[in-house]
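Please examine the structure shown below before reading on.

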Amino acid sequence: MHNSKAHLWFIAPAIILMIIILIFPLFLAGGISFTDYNLGNKTFEWIGLENYDKMFNRKTYVKMIWATATYVIVVVPISVILGLCAAMLLNSLRFGADIYKTIFFLPVMATLLAMAIAWEFTLHPTLGIVNNFLANGCGGAREFIFGFHWLPWVDSEQSWYAVACANNMDFPYWLKQKNTAIWTVCFIGIWQAFGFNMVLYLAGLTGIPRELYQAAEMDGAKSTWEQFKLVTWPMLGPTTLFVVTITTIRTFQVFDTIEILTKGGPSKTTYVMMYAIFEKAIQQNLTSIGAAITVVFIGFILILTFFQRYIIEKRVHY
Amino acid sequence: MGTISLKNISKSFGSTQVLNNLNVDIQDGEFLTLVGPSGCGKSTLLRIIAGLEQQTSGDVLIDNKNVNKIRASERDLAMVFQSYALYPHLTVRRNLETPLRLRDYNAFERLPLIGNFSPNKKSKTESINQLVNKTSETLQISELLDRKPGQLSGGQRQRVALGRAMVREPVAFLMDEPLSNLDAALRVHMRSELSELHNSLKTTFVYVTHDQAEALTMSSRMAVMIDGNLLQLDTPQEVYDNPSSLSVAQFVGSPKINIFNGSSDSSGTVNFLNVNLKRKSSESNSDLHIGIRPEHLEITNDKDENTFGGTVAYRENLGSDIYFHVNIEDNSKKIIVRGLPQFTHQITNGSSVNIKRDSNKALLFNQTGMRIHFNNAMG
């Protein structure tokens, strides 16, 4: 048995497959990122870190990193918190919870492609129902609410709504305007992600023993907030870790909304990494720069996974 | 003080009635056990006392104060749960501190970091530490204080759960089958420890169990509940010797009491198998159940008008006692007879034996299961 090589035969298929389809492409991408190779070229030159240098110095790629970072930093916390709140609300419902679950889960089930087209119509600057709704509300309750006139420091003459009404219904072009595009995309991202997070949290909530809440009550935790702090939040630790990791990876990978709604524009404000890879490597055949972005992308994901695996994991499993 | 009174407590879940007009007065410092088979509503009753469940009708009085409208956290009771319900993310020390922190610190002092600026927090923290240390010494869990519940054995968790209840000196302790997750040896050991704890704390204990042995060994009084009804509330000895009904007699005592079908004639003489009892039943001319506990039957060599015969089906050796499961003539049920090892070692499965009963020990029940008394104490 000691000298038998049989075990190698057993593990070889798995190892070989893993190398061919998982590890080799990764190293290939890494290798290409140090060259000037473009798809179809017969030769290539080693150009060292030039691709990476471009990424951190050329305006386009700096904008790419900003757009990605903005998207992740906005969508992850908001969709996680909203998901948790919705899950806790639904969990406290006696009936009707199933209907809400289905409704909130719809964006997750539906193909984003179709949904994005619906959003495009909805947010169309002149034909979309959003701007029509706003335009019809000038001077009315809608202006009061969405113009934030109810906040004491907002001047009702100078609010964005009032100004838009005064300027011949000059409402934002949402996806076509530099200062609103990324936030609109973020909004759609949240809209899409929070239903999924809610379902994960609902599963996590059912796993909390009811006796723990009763113990907390007997121990004198009177307010919902105290019980949340003492029981719900710590017991949801593993769920939260999972939800945050999954959401972060998914938001890093956002592509279809961008491809359909903005194509990275206007002026690269929504130029997220996944879309950049697609545009450079696939549409423009600039394989090497695409590979470099991919490597950076994988780097982000690896750091995140490492952080989850070795630092937070230890603190949420008891 | 720690008296608890339950007045006409009823509880139903939808159309299912789980508690039926219960009245219990629990005295200060008493160890009262609520015992009954699973599903009899005993845990529900405990949770109604705790305030975790609302009764459908009736009143709960703690120290003569009606607490119907007072929520669980304000009734000043402590509860030990079957699953222990320790906070898994907190160390044992923090678990013990939690009830004190929630009650002693005000909302501001509980805030992280800035709460430490409150002038009173330091002295409160010191008194909390002292109480935690005192409790952990009593329960011998001082060396576990820095561990988390996940790193403890079942018995240790049980102690921590007890400690969390003890640490703030409540009006009464409510315990919901606290020993049922322990292994048999530890369970027996914890029984005596709980009794000792009760003796030293002198606080009211309300203890729920389905194990009649726990009820018999620990309680000052036990309340036997079956199907949402309180059947008997008395000292363990009295419940055992003088059960009020057939169900109580069958529930309390292990092995189970033997039930014979018999009848009484016009003079009240009770007859079963071929045996006549000397005592006369107060109910004449009726069919009866006669209950005799296994330890009141013995295997004998003599055969007379007070004995009946049978065949040993199974010999259950417990070391100190041997229980014989005996098939008797014209009765499909097996009866159980206790024997002492030194006198019965030659009896094996399949042996024919004569069984003699101790006089004055039979219990009579009528067809509805109610206890019937004898007319005279003789015979």
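## Strand pairing in a predicted model

Two strands are said to pair if DSSP finds at least two bridges between them. The model described here is predicted. In chain B, strand β16 (residues 307-317) and strand β19 (residues 352-357) pair in the antiparallel sense over 5 bridges, and B:Gly309 stands opposite B:Asn354 in β19(B). Strands of a sheet pair through backbone hydrogen bonds, either parallel or antiparallel.

## The five-stranded sheet of chain B

The strands β16(B) and β19(B) belong to an open sheet of 5 strands, whose order in chain B is β15-β19-β16-β17-β18, with antiparallel pairing. Which strands stand at the edges? They are β15 (297-300) and β18 (334-339) of chain B; each has a single partner strand, so one side of each is left without a neighbour in the sheet. From one strand to the next, the twist averages 50°.

## The six-stranded sheet of chain B

Another open sheet in chain B is formed by 6 strands in the order β13-β12-β11-β14-β20-β21, and its pairing is antiparallel. At its edges are β13 (275-280) and β21 (371-372) of chain B, each of which pairs on one side only.

Within this order, strand β11 (residues 258-264) of chain B runs antiparallel to strand β14 (residues 286-292) of chain B, and 7 bridges join them.

## A helix pair in chain B

Helix α2 (residues 92-104) and helix α4 (residues 154-166) of chain B pack with their axes 7 Å apart, at an angle of about 30°. Why is α2(B) described as roughly parallel to α4(B)? Angles under 35 degrees count as roughly parallel, and the angle of about 30° therefore makes α2(B) roughly parallel to α4(B). The crossing in which α2(B) passes α4(B) is right-handed.

On the α2(B) side, the residues that meet the partner helix are B:Val92, B:Asn95, B:Leu96, B:Thr98 and B:Pro99, while α4(B) contributes B:Val160, B:Gly163 and B:Arg164. By class, this contact has 4 nonpolar, 3 polar and 1 charged residues.

## A helix pair in chain A

In chain A, helix α1 (residues 6-32) packs with helix α15 (residues 287-316) at an angle of about 120°, and their axes are 7 Å apart. The helices α1(A) and α15(A) are therefore oblique to each other, and their crossing is left-handed.

From α1(A), the contact is made by A:Ala29, A:Gly30 and A:Ile32; from α15(A), it is made by A:Thr287, A:Ser288, A:Ala291, A:Thr294 and A:Val295. The contact of α1(A) with α15(A) has 4 nonpolar, 4 polar and no charged residues.

## The two domains of chain B

Chain B is divided into domain 1 (4-246) and domain 2 (255-372). Their centres, taken over C-alpha atoms, are separated by 40 Å. How many residues does each domain of chain B give to the contact? Domain 1 gives 4 residues and domain 2 gives 7 residues. On the side of domain 1 of chain B that touches domain 2, there are 2 nonpolar, 2 polar and no charged residues.

## The contact between the chains

Chain A and chain B also touch each other, with 15 residues from chain A and 19 residues from chain B in the contact. On the chain A side, the elements that give two or more residues are α10 (210-219) and α11 (224-235) of chain A. The largest share of that side, 7 residues, comes from α10(A). By class, the side of chain A that touches chain B has 8 nonpolar, 2 polar and 5 charged residues.

Key
Residues numbered from 1 in each chain as written. Chains lettered and ligands numbered in written order. Predicted model: local features only at pLDDT ≥ 70, side-chain atom pairs only at ≥ 80, totals over all residues. Domains from an automatic or database assignment. Contact = placed C-beta atoms within 7 Å. Nonpolar A, V, L, I, M, F, W, Y, C, P; charged D, E, K, R; others polar. Helix = DSSP H or I, 4+ residues; strand = E, 2+ residues; numbered from the N terminus. Axes fitted to C-alpha atoms, helices over the stretch in contact; angles between N-to-C directions. Parallel < 35°, antiparallel > 145°, perpendicular 65-115°, else oblique. Left-handed = near helix turned anticlockwise from the far one by under 90°.
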